[in-house]
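I opened this structure to look up a few points about its side chains. The entries below follow the order in which I checked them.

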Amino acid sequence: LSNDTDVIIVVLYYMHIFLRDGLKELWIKGGKGDTSRYIPVHVLYEKLGSELCSVLPALHSLTGCDITSKVGTKKAAIQSNPVQFLSMFGKNPVLNETDIKMAEQFLSKVLKKTGTHENFNELRADLYNFSNDKSHWNLPPTSAALLPHIKRAFYNTYCQTHILESTFISIDPLSYGFVMSESLLLPERCLNELSDQWTAKCRCVNCSRSTCACRSMGVKCVRFCGCMKRDECKNPFNID
């Protein structure tokens, strides 16, 4: 009996072991009152397939679970080839650079299915330059800000997929995106307030006017500016 999606995810991951040991059917009762229903997990496992179920803990943790924030949707995640990107995520007790890179690429695909971005910095630039609503408030986080999220997802995935092992190696959550504050384990925060100077951007074509926001604040143009840092940009601070 459970109303927790995390429980269903973990049960699906271990379903191959249950079936191997002779289990015929497994039902989970979810909801309450008029919304209660019985979910045939054995049928769901057969429909999804063993490969997808083997990466469901990683997929679920990265896109939002009990201890991580929401990134994209589960539907988009399933359609973003998670087996290709997440087959090794959480398999070992140490998070390496390859794990981080593959997880970030996967989440980039979740947010923009047709994109070919290597990281969230590239995704942010693309969404800002080519979306209808050009506002930094609507952009996904930077790669640096996403890293603690990936660490927490890794920690959750590793624990869920190894907890039944007799040789389970415990890992320290403080090394995986958490901090201890007043005896509470809290997510590591990555948000830093920027001054207006560093969020300045202009809508100029060539930045030749004194009313140019970048010229008036004494900062160089960036790719987010209207001039797109083209050669004809007249901003005297537009230097690399």
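**Entry 1: H60**

I began with H60 and skipped its neighbours within four places in sequence; the residues in contact with H60 are then T5, D6, I9, C65 and K74. I note that this is a predicted model. I looked up where H60 sits, and its place is in helix α3. Is H60 buried or exposed? Its relative accessible area is 5%, and the cut-off for buried is under 20%, so I put H60 down as buried.

**Entry 2: the nonpolar cores**

Next I looked for nonpolar cores. I keep one general remark at hand: nonpolar side chains in soluble globular proteins tend to be buried together. The largest core here has 40 residues. Those with the most contacts inside this core are L12, L62, L86, F89, F106, L107 and I150. I then listed the elements that give two or more residues to the core: α1 (5–20), α2 (41–48), α3 (50–63), α4 (74–78), α5 (82–86), α6 (97–111), α7 (120–130) and α8 (143–162).

**Entry 3: aromatic pairs**

I turned to the rings. A pair of aromatic rings is described by the distance of the centres and the angle of the planes. How many aromatic pairs does the structure hold? I noted six.

One of the pairs I looked up is Y13 with Y14, where the ring centres are 4.9 Å apart. Their planes stand at 85 degrees, so I recorded this pair as edge-to-face. Y13 has a relative accessible area of 14% and is buried. Y14 counts as buried too, at 6% relative accessibility.

I then took F85 and F106, with ring centres 6.2 Å apart. The planes are at 45 degrees, so this pair is tilted. F85 is in helix α5 and F106 in helix α6, 21 residues apart, and the pair links distant parts of the chain. Both F85 and F106 are buried.

**Entry 4: salt bridges**

I counted two salt bridges in the structure. One is between D21 and R20, with the closest N and O atoms 3.3 Å apart. I find D21 and R20 both exposed.

The other is between D126 and K112, and here the closest N and O atoms are 2.5 Å apart. D126 is in helix α7 and K112 in the loop between α6 and α7, so this pair ties together parts 14 residues apart in sequence. D126 counts as buried at 16% relative accessibility. K112, with a relative accessible area of 25%, is partly exposed.

Notes:
Residues are numbered from 1 along each chain as its sequence is written. This is a predicted model: local features need pLDDT of at least 70, side-chain atom pairs count only at pLDDT 80 or more; totals for chains, interfaces and linings use all residues. Side-chain values use heavy atoms; hydrogens and water are left out. A nonpolar core is a set of buried Ala, Val, Leu, Ile, Met, Phe, Trp, Tyr and Cys residues joined through side-chain atoms within 4.5 Å. Buried means under 20% relative accessible area, exposed over 50%, partly exposed in between (1.4 Å probe, protein chains only). Helices (H or I, at least four residues) and strands (E, at least two) are DSSP runs, numbered from the N terminus. Contact means heavy atoms within 4.5 Å. Rings of Phe, Tyr and Trp (its six-membered ring) pair if their centres lie within 6.5 Å; planes under 30 degrees apart count as stacked, over 60 as edge-to-face and the rest as tilted. A salt bridge is a side-chain nitrogen of Lys or Arg within 4 Å of a carboxyl oxygen of Asp or Glu.
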